[in-house]
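Could you walk me through this structure as if I were seeing it for the first time?

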Amino acid sequence: MENGRKCPSCGGTMIFEPGWDSLLCQSCGYKEIIPELVSKIPVQEMDFLTAQNTASHDWGMEAKVVQCRHCGAQTIQNKLQLSGLCPFCGSTTVETADPEKDIMAPNGIIPFKITEKRAFYIFKEWIKDRSLAPGKLAANADLKKFYGIYVPLFTFDVLTVNRYTGKYNTAEGLRFKSGKYQFQVDDFPVVASRQLSSDRLLQSVVKDYWTKEARPYTPDALAGFPCEHYSIGLKEAWNSSGEELYKYLKRETENHESKGTYLDAEIATDYFDLKYKYLIVPVWLNSFEYDNRLYTVVINGQTGKINGQWPKSFGTFLLKAVDLLL
């Protein structure tokens, strides 16, 4: 969704300026600080059980969901916007989705800190370090424009009581231990975008945010940037967290309950007072071609972390293997 704020000085279009928490006029350079982004007000945690009754649907403007006919991605747009470009595949074949579709508004946002210029630099440095990539990849990669987009992220807070049992090694030998460990989970992230969560490399970037820097949602931070509509709902997101959350709780329990090394610890967990935040978080997306194939790269718009797909060269692998043997 791209918000069309007008400059109070000249009437030009104002867009969000990454790194400055402000709106910038494209015509005269007038700047205006966005109060919500410079405040110290934390994002409110919402009760999971009453989510449907308490969630906000106010985007700060009339919103609609549009869907790309090429890749299926759904984004939120201003109802006044007549056309759009899909940030995931670059297609202009977008159309309005079901008008009755739920478009629950986020209650928090992490604004862009990384500029597009910085994103290009991060990519160039990253692509040079791909050890199994073709030798001339950095020079020959046909890099197109980076697209900035906000993507949906649910975070969960929940009190856990973990019943554990297991054997572990200590300086005195093998020991057996069982008991209970209470642990408060804080801001456990689940990516709500099927476009990104289907690829582990891309998902690793979108989950790695400093969520404590999130601020209450404001449409001004979306000025000039689209926003993806969540394709993984709140309940599905929580249900899908099971395996990763289990590993996380198992690790926390082992670290707290033993100074040794667990061999086969198991835990069973009870959950209490489940709460969530619905955040939209910044991402720079790009696709580049190499030997007529398309590869996608994602950069975290807050931290600059990058990951993505790149071509692997069997010839490069052989050369590096020979170097190691010599």
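**Starting from the core**

The largest nonpolar core holds 57 residues, and Tyr150, Phe154, Phe156 and Tyr276 have the most contacts inside it. A nonpolar core here is a set of buried Ala, Val, Leu, Ile, Met, Phe, Trp, Tyr and Cys residues joined through side-chain atoms within 4.5 Å. Buried means under 20% relative accessible area, with exposed over 50% and partly exposed in between (1.4 Å probe, protein chains only). Strand β16, residues 266–290, gives the most to this core, with 8 residues. There's also a second, separate core of 21 residues, which includes Cys68, Cys86, Leu196 and Tyr209.

A word on where this comes from: it's a predicted model, where local features need pLDDT of at least 70 and side-chain atom pairs count only at pLDDT 80 or more, while totals for chains, interfaces and linings use all residues. Residues are numbered from 1 along each chain as its sequence is written, and side-chain values use heavy atoms, with hydrogens and water left out.

Now step back to the whole chain. It has 9 helices and 18 strands, taken as DSSP runs numbered from the N terminus (helices are H or I, at least four residues; strands are E, at least two). Of its 326 residues, 49% count as buried. Take contacts (heavy atoms within 4.5 Å): among those between residues at least 6 apart in sequence, 72% join residues at least 24 apart.

Finally, look at asparagine 307 in strand β18, residues 306–308. Asparagine 307 counts as buried because its relative accessibility is 16%. Leaving aside neighbours within four places in sequence, asparagine 307 is in contact with Trp126, Leu201, Leu202, Ser204, Val205, Val297 and Val298.
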